[in-house]
Amino acid sequence: MSNLLGMAWSLCALITTLITIAKHARNGTASVHPRIGAGIGLALLVTLLIYLVILAPSDFTQSSSYQPFTLTDNLVHIIVPLLVTGDWVLFAKKGALRWWDPLWWALIPYTYVAFAYIRPFFTEAEWPGGGHYPYPFLDIDQFGRRTVFINLAVLTLAVEMIAFLMVIIDRGLVARRISARVSA
């Protein structure tokens with residue numbers, strides 16, 4: 001889901017850039033809404049961190065032949081998240097993020113969690129790794145509701161810490177630019 005959002009975001013950025021070039025030649029800036037871009041960047045960072053910190057180290061298997069860190073896995077779980085996050089750090093308009101944005105951004109991963117739990121009611125098809133849930137840490141059948149709730153609470157705390165760090169970075173980069181202008 002986060003990679004689809006990243007693709008849609010990149011397409012919007014491309015279209016915005018092409019329209020800006022058509023209207024203003026190479027002068028001006030092309031920027032898609034930075035608060036939405038930061039939220040999508042956060043969703044992709046969550047993808048990267050869950051893959052690198054939880055799934056790959058625990059020998060997560062989607063099937064008996066699954067191998068982590070293949071080209072496809074690297075593209076989806078590492079490279080695209082780094083590219084979209086790098087785009088936000090390097091090119092997004094700074095100073096637009098608000099302190100309440102991280103609370104809204106949490107809706108993206110929670111939408112996926114809701115999808116993961118609603119899906120079994122509509123299909124008996126298993127996830128590629130088998131079972132009713134896409135990831136082991138969401139598996140109520142194996143771990144029970146209490147453990148899964150704790151897993152989600154810890155993940156929420158980690159995601160929100162990263163999100164607020166993004167706001168701090170955004171505001172810090174603005175403060176650095178302002179102080180550079182004042183001292184120049």
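Predicted model: local features only at pLDDT ≥ 70, side-chain atom pairs only at ≥ 80, totals over all residues.
The protein chain contains six helices and zero strands, and its elements, read from the N terminus on, follow the order α-α-α-α-α-α. Of the 184 residues in the chain, 32% are buried.

The largest nonpolar core holds 24 residues, and within it Trp105 and Leu138 touch the most other members. Two or more residues of this core are given by each of helix H2 (34–55), helix H5 (107–118) and helix H6 (140–183), and H6 gives the most, with seven residues. When residues up to four places away in sequence are not counted, Trp105 touches Arg35, Ala38, Gly39, Leu42, Leu97, Ala163 and Val167. Apart from this core lies another one, of five residues, which include Trp9, Ile40, Leu44 and Val84.

Leu11, Leu14, Ile15, Leu18, Ile19 and Ile21 make a nonpolar surface patch of about 550 Å². One of these residues, Leu18, is found in helix H1, which spans residues 2–24. Because its relative accessible area is 49%, Leu18 is classed as partly exposed, a term that covers values between the limit for buried, under 20%, and the limit for exposed, over 50%.

Note on methods
Residues numbered from 1 in each chain as written. Heavy atoms only, no water. Core = buried A, V, L, I, M, F, W, Y, C linked by side-chain atoms within 4.5 Å. Buried < 20%, exposed > 50% of the residue type's maximum accessible area, 1.4 Å probe, protein only. Helix = DSSP H or I, 4+ residues; strand = E, 2+ residues; numbered from the N terminus. Contact = heavy atoms within 4.5 Å. Patch = residues over 30% accessible without salt bridge, like charges linked within 9 Å, V, L, I, M, F, W, Y side chains within 5 Å. Areas by Shrake-Rupley, 256 points an atom, 1.4 Å probe, with all protein chains shown as cover. Salt bridge = Lys/Arg side-chain N within 4 Å of Asp/Glu carboxyl O.
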